[in-house]
Amino acid sequence: MFVVLAVVGSWLAWVIVPTLPSLLYYSPEAVASGQVWRLVTWPLAEGLSLWGVLTLFFFWYFSTELENLIGRNRMVWLLLGLWAGVTASATLTALLLGGGGVLAGFNLVEFVVLLLWIAEYPHRKFFFGIPAWVIGAVLIGVQALGMLASRSGSALLSLLLSVVLVALVAKRVGLLREYAWIPGGRTPGRPSRPRAPRVSRSRDRKSTRL
């Protein structure tokens, strides 16, 4: 809810200052020139639109279910890890391939949260009874094909790195427990190592006397 209110507040600020998104988006060049606030503000670099409202609603819906699973504190760490993972992926891709690395708006945040929800509930039904994992595969496929068609290899690499880093964070905070091949976290159902029975000193003394 705090994130939703922050995004709504940025929309209201955009109505007053229409050039605000241009001051908030992230690019490695702008940060290197000293505009370090862009590291944090890029999810708010977007004006009000109908699609933006729908995106924010879906974020609230899916992230609320995830928060109910792991609790409020771990959800905070998940969102911080999501932001850090996406930002680091964009920066690393820009350094490796040159150019790109621009982040602006809340769409990518909502997209990653949706993928996490789908990974957690792969067999939940969407509209027309379609399983969630099918929707996730279609969404990733459309994104990848669009980036390939536009010859945006840096954007595709950044997206893949973001998914990997966010998956590691999600496993760390208690999600994705069914995916044992993802490192981090604890394996569910793993029996704890039995402890040797403790013998009291008084009993030892009695046995010694006998």
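Where in the chain is L176 found? In this model, which is a predicted one, L176 lies in the loop between α9 (153-173) and α10 (201-209), and I would like to start there. The phi of L176 is near 55 degrees, a positive value in a residue other than glycine. Most residues other than glycine have a negative phi. L176 also counts as buried, because its relative accessibility is 4%, and the limit for that label is under 20%.

Before going on, a word about confidence. The chain averages a pLDDT of 83, and 87% of the residues score at least 70. Over residues 187-210, however, the pLDDT is below 50, and beyond near neighbours in sequence this stretch has two contacts in the model.

Let me turn to the aromatic rings, for which the count comes to 11 pairs. One of them is formed by F62 and W117, a tilted pair at 4.9 Å centre to centre, with 55 degrees between the planes. This pair links distant parts of the chain, since F62 sits in helix α5 (residues 50-70) and W117 in helix α7 (residues 107-120), 55 residues apart. Both F62 and W117 are buried.

A further pair is Y179 and W181, whose ring centres are 6.1 Å apart and whose planes stand at 90 degrees, so this pair is edge-to-face. Here Y179 counts as partly exposed, at 22% relative accessibility, while W181 is exposed, with a relative accessible area of 68%.

Returning to F62 and W117, ring pairs link them into a cluster with F57, F58, W60, Y61, Y121 and F126. Over the ring of Y121 sits the charged end of R124, 4.8 Å from the ring centre, and the charged end of R38 sits over the ring of Y25, 4.7 Å from its centre.

Definitions and conventions: Residues are numbered from 1 along each chain as its sequence is written. This is a predicted model: local features need pLDDT of at least 70, side-chain atom pairs count only at pLDDT 80 or more; totals for chains, interfaces and linings use all residues. Side-chain values use heavy atoms; hydrogens and water are left out. Helices (H or I, at least four residues) and strands (E, at least two) are DSSP runs, numbered from the N terminus. Buried means under 20% relative accessible area, exposed over 50%, partly exposed in between (1.4 Å probe, protein chains only). pLDDT is the predictor's confidence in each residue, from 0 to 100. Contact means heavy atoms within 4.5 Å. Rings of Phe, Tyr and Trp (its six-membered ring) pair if their centres lie within 6.5 Å; planes under 30 degrees apart count as stacked, over 60 as edge-to-face and the rest as tilted. A charge sits over a ring if NZ of Lys or CZ of Arg is within 6 Å of the ring centre and within 35 degrees of the ring normal.
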